[in-house]
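Colleague: I am new to this structure. Could we go through the helices together?

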Amino acid sequence: MRYNFRLYPDAAQCQMLARTFGCARVVWNDALTARKTARKAGLPFIGDAEIQRLVLTAAKKRPERVWLREVSSVALQQAVRDLNAAYQNFFDSVSGRRKGPKMGLPRFKSRHDHRQAVRFTTNAFRLHADGSLYLAKIGNVEVRWSRALPVAPSSVTVILDAAGRYFASFVVEVEESSQSLPEIDAETGIDLGLTHYATLSDGTKIVNPRWLRRRERKLARLQRSLARKRKGSKNRDRARVKVARQHARVADARRDFLHQTSSSIIRDNQTVHVETLSVRGMARGRHAKSVHDAGWGTFLAMLADKSARRGRVLVQIGRWHPSSQLCPCCGWEIGKLALHVREWDCPSCGGAP
């Protein structure tokens with residue numbers, strides 16, 4: 001599991017982190033260039049150990065790459081390992097060993113990307129008793145702890161997002177038995193929508209907060225201000241950060257709502273029935289913005305993850321199953337209904353689904 005916390009580095013630490021981000025990006029791009037060049041020349045694929053020797057050990061001895069010694073070598077080694085993992089995911093996807101959407105070849109990283117990340121393993125970071133996080137060649141960084149870590153972390157990823165915020169993402173191993181909840185005799189079905197975010201089988205309706213719609217006017221004003229700024233100027237960068245902060249507030253509010261809603265549903269029900277949705281397909285229709293704003297895909301993923309960890313059962317019903325056309329009492333299928341029809345009487349048993 002991952003535990004994320006806010007970081008508050010000082011000015012000197014921010015500068016050193018920026019240097020670390022840049023060095024890790026250069027190492028990634030150098031390794032990717034070496035492998036692409038070898039492929040175009042018809043040479044064999046460069047192995048993991050050889051690529052690390054080329055872009056780290058040998059590169060630090062060259063005058064144009066001597067500044068790689070100024071940052072933690074662990075962060076640079078992890079950049080090479082990340083590239084190796086990206087290539088392995090691509091090969092597994094092509095061969096069919098990896099399920100899900102097809103993975104593409106790794107791409108070059110840009111210095112203009114406003115989201116940067118580096119990873120430190122156990123020999124490059126420490127947690128102190130005063131709550132600070134020590135990072136190799138960076139120092140003790142202040143952490144805003146919102147909860148305690150269950151066990152000692154195996155790695156930490158330092159992330160800088162587009163809004164200029166720093167985060168520490170810890171990876172910890174948690175026993176599955178410690179996450180399970182006691183069994184209860186309750187189950188529910190969920191119908192997702194846009195008017196109401198979710199309607200449960202007991203009649204409970206969860207209001208759709210419409211996070212993006214609430215901030216559309218302010219976002220439009222900030223984006224107009226950004227469009228007026230000259231490219232490359234400091235004023236434009238300040239305006240960009242303001243827009244990114246508004247989007248971050250929307251994303252944070254959406255994520256918090258989805259976590260709380262999915263947790264309460266999993267906690268209060270032993271079995272949860274939900275329809276599988278083609279979110280990607282619906283996001284290409286006339287309600288695309290509202291579908292993206294709802295975050296149904298993330299919500300379904302949270303339900304699946306939390307039900308597995310908490311010892312609950314998640315039943316996913318196919319999207320083509322005519323659940324609204326079937327009588328729950330006798331199973332009579334009435335056929336296709338108009339959109340305005342919300343209730344109907346069963347001609348077979350007289351029930352009202």
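Modeller: Let us begin at the start of H1, where a side-chain oxygen of Asp 10 comes to within 3.3 Å of the backbone nitrogen of Ala 12. That is a polar contact (a pair of N or O atoms within 3.5 Å; within protein, one must be able to donate a hydrogen and the other to accept it, and residues adjacent in sequence count only if both atoms are side-chain atoms).

Colleague: What sort of model is this, and how are residues numbered?

Modeller: This is a predicted model, in which local features need pLDDT of at least 70 and side-chain atom pairs count only at pLDDT 80 or more, while totals for chains, interfaces and linings use all residues. Residues are numbered from 1 along each chain as its sequence is written, and side-chain values use heavy atoms, with hydrogens and water left out.

Colleague: How far apart are the end C-alpha atoms of H1?

Modeller: They are 43 Å apart, which agrees with the 44 Å that the 30 residues of helix H1 (residues 11-40) should span at 1.5 Å a residue. The expected span is 1.5 Å times one less than the number of residues. Helices (H or I, at least four residues) are DSSP runs, numbered from the N terminus.

Colleague: And what follows H1?

Modeller: Gly 42 does, with a positive phi near 80 degrees.

Colleague: At what angle do H1 and H2 pack?

Modeller: H1 and helix H2 (residues 48-57) pack at about 120 degrees, and their axes are 10 Å apart. Axes are lines fitted to C-alpha atoms, for helices over the stretch in contact, and angles run from 0 to 180 degrees between N-to-C directions. H1 is therefore oblique to H2; angles under 35 degrees count as roughly parallel, over 145 as roughly antiparallel, 65 to 115 as roughly perpendicular and the rest as oblique.

Colleague: Which residues meet there?

Modeller: From H1, Val 27, Asp 30, Ala 31, Ala 34 and Arg 35 meet Asp 48, Ile 51, Val 55 and Leu 56 in H2. Contact means heavy atoms within 4.5 Å. By class, six of the residues are nonpolar, none polar and three charged.

Colleague: What does Asp 30 touch?

Modeller: Asp 30, which lies in helix H1, touches Val 55 and Arg 65, not counting residues up to four places away in sequence. Its C-alpha atom is separated by 25 Å from that of Gln 13, 17 residues apart along the chain.

Colleague: Turning to H3, how do H1 and H3 cross?

Modeller: The axes of H1 and helix H3 (residues 73-95) come within 9 Å and cross at roughly 40 degrees, so H1 and H3 are oblique to each other. Contact residues include Trp 28 and Leu 32 of H1 and Leu 83 and Tyr 87 of H3. By class, this contact has 13 nonpolar, two polar and two charged residues.

Colleague: Last, what about H6 and H9?

Modeller: Helix H6 (residues 234-268) and helix H9 (residues 296-310) pack at about 40 degrees, with their axes 9 Å apart.

Technical notes: Helix = DSSP H or I, 4+ residues; strand = E, 2+ residues; numbered from the N terminus. Nonpolar A, V, L, I, M, F, W, Y, C, P; charged D, E, K, R; others polar.
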